[in-house]
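Me: I am new to this structure. Can you walk me through its charged pairs?

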Amino acid sequence: MTFQAGQSAMLAGSQYVGNEIQRLVPTGNLKAYFKVSNSYVLSKILLIIFPFRNNNWMRKPRPSNSNDQQTTLEQYAFPYDDKNAPDYYIPVMGFATYVILFAMIAGVQGNFHPEVFGLETSSTIAYLVVDYLVLRGGLYMLSISANGYDLAAYTCYKFVPIILILLIKSLSTFTLFNWVAYVYLLVAYGFFELRSIRFNLFGGINNSTQTMSSKTIKKSNYFLFVYAFVIQGALLWFLTR
């Protein structure tokens, strides 16, 4: 009887802890960000590198389905159905690829040591946290609501241009070409960030930017311009040093 009572107490406790974790960190929401396909990954990478020809930046709404788990008031199409949808697959793979590539380049240059992985990982995470807080804080000061998961995804797409810059710098000996490539990738990524955040993170489907005052829209455009080009340019420079 004592064993059964203890087992019941442990089950009840584990269920309570699981519910609390689900409440604080809704992992059900995260699963949607990993629903990608090969065509989506390719389309997204091309969109980040060549964003200027994209005419539609709005995300597709997902029709309500009784079988879907309703985790938010707004439902969007999953990434494999919409190239404008944010995901975590590209950021996670980009982060891992960046750290490995950075260590490989250090090894080729004769500067590799075992601590490179840990130091580069910790410093990169610190940059990402600061980047996220700047974006989140700026939108908060402007009284603009935004999904934190989406913001985290958009701040980590920078690894696509960063990896390309590192590869170009390691393979090319032409300084002018390296600078041209850096400037282009910075402008392309800044344009991608500006458009994606501008059209998709100002309140979602049911609260478009047209409901905001013209003064707030003007301030948000200034902030996003500085964030997308100045701040991201500095981060691209530091992470590809």
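Reply: A salt bridge here is a side-chain nitrogen of Lys or Arg within 4 Å of a carboxyl oxygen of Asp or Glu. This is a predicted model, where local features need pLDDT of at least 70, side-chain atom pairs count only at pLDDT 80 or more, and totals for chains, interfaces and linings use all residues. Residues are numbered from 1 along each chain as its sequence is written, and side-chain values use heavy atoms, without hydrogens and water.

Me: How many salt bridges does this rule give?
Reply: Side chains of opposite charge can pair when their charged atoms come close. Under the cut-off, the count is three.

Me: Which residue forms a salt bridge with R59?
Reply: The N to O distance is 3.2 Å. The partner of R59 is D150.

Me: Why does that pair tie together separate parts?
Reply: Helices are DSSP runs of H or I, at least four residues, numbered from the N terminus. R59 lies in the loop between α3 (38-49) and α4 (89-108), and D150 lies in helix α6 (residues 148-155), so the parts they tie together are apart in sequence by 91 residues.

Me: Are R59 and D150 buried or exposed?
Reply: Buried means under 20% relative accessible area, exposed over 50%, partly exposed in between (1.4 Å probe, protein chains only). By that scale, both R59 and D150 are buried.

Me: What is the N to O distance between K158 and D131?
Reply: Their side chains meet in a salt bridge. K158 is buried, and D131 is too. The N to O distance is 2.5 Å.

Conventions:
Helices (H or I, at least four residues) and strands (E, at least two) are DSSP runs, numbered from the N terminus.
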